[in-house]
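I opened the model to look up a sheet, a helix pair and the chain contact. My notes follow.

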Amino acid sequence: MGRFWSLLFLLVPILGVGCFVWAMAGLWPMRGHWLPEDVSSHGHVIDGLFMFILYLTGIIFVATGLVFFWFLWKYDAAQNAEPVRFMHGSHTLEVVWSIIPAGTLVFIAIYQMDAWADAKLRRPMLPGPDGKLNTADDIPKPPIAEITGRQFEWRIRYAGEDGIVGTRDDVQLVNDLRLPINEEVVLSIKSQDVLHSFFLPNLRVKQDVVPGMKQFVWFKAQKTGVYDIVCAELCGWGHYKMRGRLTLQNRSDFDRWLGQAHAAQNQAEFTPASGEAE
Amino acid sequence: MSAISLPAPLAADHHHAEMDVGTFIRTYVFSLDHKIIGLQFLFSTLLWFLVGGLLALGIRWQLAWPWQDMPVIGRMLFSAEGGQISPEFYTTLFTMHATVMIFFVIIPILAGAFGNYLIPLMIGADDMAFPTLNMLSYWFMWPAFILIGLSFLWPPYGAGGGWTSYPPLSAVKEAAPGSAFAQTMWLLGITCVGISSMLGSVNYMTTIIQMRAPGMTMFRLPLTIWGMFITAILQAFALPVLTAAGFMQLMDREFATGFFLPEGLQVNNNAMASGGGHPILWQHLFWFYSHPAVYIMILPAMGMVSDIIACFARKPIFGYKPMVYSISGIAGLGFIVWGHHMFVSGMNPMLGMTFMVSTMMIALPSAVKTFNWLGTVWGGKIQFTTPMLFALSFVSMFIIGGLSGIFMAATPVDIFIHDTYFIVAHFHYVLFAGTAMAVFGAIYFWFPKMFGRMMNDDLGKVHFFLTFIFLNGTFFTMHILGAVGFPRRLADPYDYETFRHLQPMNQFMTICAIGMVASQVLFAYNFFHSMFFGTPCGRNPWGANSLEWFAPSPPGHGNFDQQPIVYRGPYEYGSPEVDTDNYPQWQPPPSDPSRIHKPDHH
């Protein structure tokens, strides 16, 4: 039976790699079972890092799996006539297989820091009073919209004509976020009640929304279309239905839409007179 | 312990007719004997294992066929919803699945059942240092069982804030149906589990330090004991933080202290009276315990697997000291990596970078351990017994669980896969395919010692084969879902267009999960049948080396009928000093000096 069990363990790397390759190739029945379409400018860095780690761990996975299989196959007591190697280890080997993984892990750790800083630390800036970018007086780019998580919806506010979010002329929407493409977009996100997480799978953006904190996310979309806004942090019984819709548009379409939305909202504003008339 | 003969072992005495009620209760209920306490933990945790498994099937059912009647049992369980799982009950399902599996199964089965049973036997002691504390550590589990059991009785049938209980959802009673009564029960229950673990941990540390048999130096301890020892230290240092955090959350709930609640909170249209706290504080405190707890849930399993593999490879463990240092390294680093659960939580991203580096580093001792296991099977004479198969599968599956951790440790990648099925795949590979498989192996391995009878090996192999196939069918596919960004904890993920096409794969996983739970019937049958009808075995059926095999099977009260004296480490298989392929720790060295083996130095 040792042969049978060795082969069973050989199936682990074979089927494991097979499963990933099948999904990456998108063959039936795993069509679309891989990283979703990336429409952001920075997503390829995250995807590239994912693939880099996948290949690296894949090599280790296959190598250790094959070695494991080979040892089980070769040293099966029922097949192996050689005496047991009476040994307690090897100092040299321990040093080798400590230093190589340590070096690799430190490399991965340092290699990715830049991508992390771009995503979470380096908020897009605008030129300051001197009119030049990358100088000391740069000012952070203001958010184009403010998003508030609330059980179980995303409330969205765009600045009205005064250019300030939080005033009376804001354009207010629910679960319907529209953003221009081909420019750095900053969003301010916050929560009114419990934790939520603002997850845009197609833009490789995720940030937990924490009540009491005002946070910013930024990205640059590159393609028009309609995408999901997912809540990725448990927020209660209706967590599953806290779905928003992100519409990416060209700047001109976006401006036209925002103007219309602003006008429509102001006209539709409730006044006692119009209420009585109906 | 003296060398005089001990009273007839109670456990070996099959004539209970003359035993009065008081003796029975002292012997089997409020017992001070570490073996009985260990078995009490084992039976309780196996029962909860079944509960946790059934809760998991509820989750799987909803993900495969959302809002559809469960055949036959759906109408009985959820009559109010017409046989459907309601969305609030779905949050209960995954909260309680994790709570039961972590706090009622994995931690108590490793430390409580195997720690209790094995520590005195493997170090050559007659019992634990503090038998009464030991008894209390088991009986403090019962308030937890009752409190959390009570929360199942009334709607919404359990807490629903996730096993992580992140405030404000869990701390504000109005935030969710499960956040009222059930969450209070949950917090009190977890506190009792904490007391139980703390009592056990103090006892294990003292016993291992103080009560080793003559000749049993620290570096002659079996790796199981090293795993238990380091785990006890982890528990002693990490648990107080969880207990404190739990009480802070209770205070927030009952007395509006506002440790975790910020200003201006408006939950469910109620303006909160309290404020001034911060929700992320809870996450720091919770993970300061719960990340070391991840290692509490695997280090003893690693130790037991090392013992089983060395025994059935008939070869010394490769790199004993590096194994000990790795266990210690994992434990030490385990205290400074908790922030990797919080990369996208709103924690300072600079701090995230620091935690990322320490997290990457913790992969190193795990890698060293894996290489040493491979080194152990190399050049051995492998016997493919049931416990060995489970131990080997631990190594094979731990490779997957360990490698998949690197994805989450990489902060930019974590932005995408955080809170998706990728992490669900990762921790099920570590905790189910790793720890639970090691526990199965350990049960098959030490069952003869516990009950004096062997479990059926053929049935055990069928159990192994089916579990192994089905677990990979259930959990490996989760990596693929994670790559699509499929979020966890959604009652109906197919509402999102991005994930709609993933339902067939979820159905496949659910079928595998049902197969996996069903396969455990074989184990239950084998376990209970062998207890009474298994082949009786001698003291050392596997030809192993460590001291528990020196005692009778099952050992009587006081464990050893002769004082064990330890001459060497526990892994001297295939030694040239003796003609047998094992060389037990208690066997004196050969009298002929020419046979004494001189180790080469290199």
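In what order do the five strands of the open sheet in chain A stand? I read the order as β5-β4-β3-β7-β10 in chain A, with mixed pairing. Strands here are DSSP E runs of at least two residues, helices are H or I runs of at least four, and both are numbered from the N terminus. Two strands pair if DSSP finds at least two bridges between them.

I noted that this is a predicted model, in which local features need pLDDT of at least 70, side-chain atom pairs count only at pLDDT 80 or more, and totals for chains, interfaces and linings use all residues. Residues are numbered from 1 along each chain as its sequence is written, and chains are lettered from A and ligands numbered from 1 in the order in which they are written.

I checked the edges: β5 (171-174) and β10 (215-220) of chain A each have a single partner strand, so one side of each lacks a neighbour in the sheet.

I then looked at β3 (145-150) and β4 (153-158) of chain A, which pair in the antiparallel sense over six bridges. A:T148 stands opposite A:R155 in β4(A).

Next I took the chain contact (C-beta atoms, placed from the backbone, within 7 Å). Chain A gives 84 residues and chain B 94 residues. On the side of chain A that touches chain B, α2(A) supplies the largest share, 13 residues.

Last, I looked up α9 (279-296) and α11 (320-334) of chain B, whose axes come within 9 Å. Among the residues making this contact are B:H291 and B:Y295 of α9(B) and B:I330 of α11(B).

Technical notes. Two residues are in contact if their C-beta atoms, placed from the backbone, lie within 7 Å. Axes are lines fitted to C-alpha atoms, for helices over the stretch in contact, and angles run from 0 to 180 degrees between N-to-C directions.
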